[in-house]
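Keep the sequence and the coordinates side by side.

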Amino acid sequence: TTMSTEFQLLSTYEEPVAPVLYSAIFSSNGAYMDVIFDSETDYAAASTNTIMAASSSSTDWDCSLLLTMNGGSLSTCNWLSASSVRVSFPTTSATVDTSLLIAPGGTVTVIESVVKAACADAMSDCSAYSYASSSSVTSEANASPESPTVIWNLPIVIGNCDNLTLD
């Protein structure tokens, strides 16, 4: 198998290429998924939604502001870095229909006109940078998933007339 990598050399005076989705990989326990761009973004700083653009804090925001996927509005996102977003899934399955959430093999799409390329430096005028177009990736299961653990919930002591209830 031959592998190749494509790159583009730009002048310092040229606008950087807008970011494109690169991958979406589930964590080993399936509690979250990391969505990676091929280059650094502006953390959606030019976006009208300032909650999502909070690059320096760990503020969670509705994933449907940036991504289209099954369960996007049920999941919360936060920026891990300028090129990666963590999608956290709801933890209580009693209140959420888990069949509505994305599973490995599902499609993740970045919404166009939300993120731009990261600004090269403080002296540059980055307001004219182009927004990223819509791009999609197929979500992948983790290469090393955790094995399920059985947890028994039962009484320590049981009397002669008590019913044994296992949970």
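Two strands pair if DSSP finds at least two bridges between them. Strands themselves are DSSP runs of E with at least two residues, helices are runs of H or I with at least four, and both are numbered from the N terminus. With that in hand, look at the five-stranded open sheet, whose order is S1-S2-S6-S5-S3 with antiparallel pairing. Its edge strands are S1 (21–26) and S3 (61–62), and each pairs on one side only.

A word on the source. This is a predicted model, in which local features need pLDDT of at least 70, side-chain atom pairs count only at pLDDT 80 or more, and totals for chains, interfaces and linings use all residues. Residues are numbered from 1 along each chain as its sequence is written, and side-chain values use heavy atoms, with hydrogens and water left out.

Now the whole protein. It has zero helices and eight strands. Read from the N terminus, the elements run β-β-β-β-β-β-β-β. Strands of a sheet pair through backbone hydrogen bonds, either parallel or antiparallel.

Strand S3 runs antiparallel to strand S5 (residues 76–81), and two bridges join them. Aspartate 62 stands opposite threonine 76 in S5.

The other open sheet has three strands. Their order is S4-S7-S8, again with antiparallel pairing. S4 and S8 are the edge strands, each pairing on one side only. Strand S4 (residues 67–68) meets strand S7 (residues 107–110) over two bridges, in the antiparallel sense. There, threonine 68 has threonine 109 in S7 as its bridge partner. S7 also pairs with strand S8 (residues 135–138), antiparallel, over four bridges. Valine 110 stands opposite serine 135 in S8.

How much of the protein is buried? Buried residues make up 31% of its 167 residues. Buried means under 20% relative accessible area, exposed means over 50%, and partly exposed lies in between (1.4 Å probe, protein chains only). The protein exposes about 11,000 Å², and carbon and sulfur atoms supply 52% of that area. Such areas come from the Shrake-Rupley method with a 1.4 Å probe; for residues, only the protein chains shown count as cover. Contacts tell of the chain's reach. A contact means heavy atoms within 4.5 Å. Of the contacts with a separation of 6 or more, 57% are between residues 24 or more positions apart.

Turn to the rings. Rings of Phe, Tyr and Trp (its six-membered ring) pair if their centres lie within 6.5 Å; planes under 30 degrees apart count as stacked, over 60 as edge-to-face and the rest as tilted. A search of the whole structure finds four aromatic pairs. One of them joins tryptophan 61 and tryptophan 79: it is tilted, with 6.0 Å centre to centre and 45° between the planes. This pair links distant parts of the chain, with tryptophan 61 in strand S3 and tryptophan 79 in strand S5, 18 residues apart. Together with Phe37 and Tyr43, Trp61 and Trp79 form one aromatic cluster.

Arginine 86 lies over the face of tyrosine 32, at 3.8 Å from the ring centre. Lysine 116 lies over the face of tyrosine 131, at 4.6 Å from the ring centre.

Next, the backbone in the loops. Alanine 44 is not a glycine, yet has a positive phi of about 60°. Alanine 44 lies in the loop between strand S2 (32–37) and S3. Is alanine 44 buried or exposed? At 0% relative accessibility, alanine 44 counts as buried. Serine 113 is not a glycine either, and has a positive phi of about 65°. Serine 113 is found in the loop between S7 and S8. With a relative accessible area of 45%, serine 113 is partly exposed.

Finish past S8. Serine 139 is found in the segment after that strand. Serine 139 is buried, at a relative accessible area of 3%. What does serine 139 touch? Not counting residues up to four places away in sequence, serine 139 touches Ala24, Phe26, Met33, Ile102, Ala103, Pro104, Gly105, Gly106 and Val108.

Note on methods:
Lys NZ or Arg CZ within 6 Å of the ring centre and 35° of its normal.
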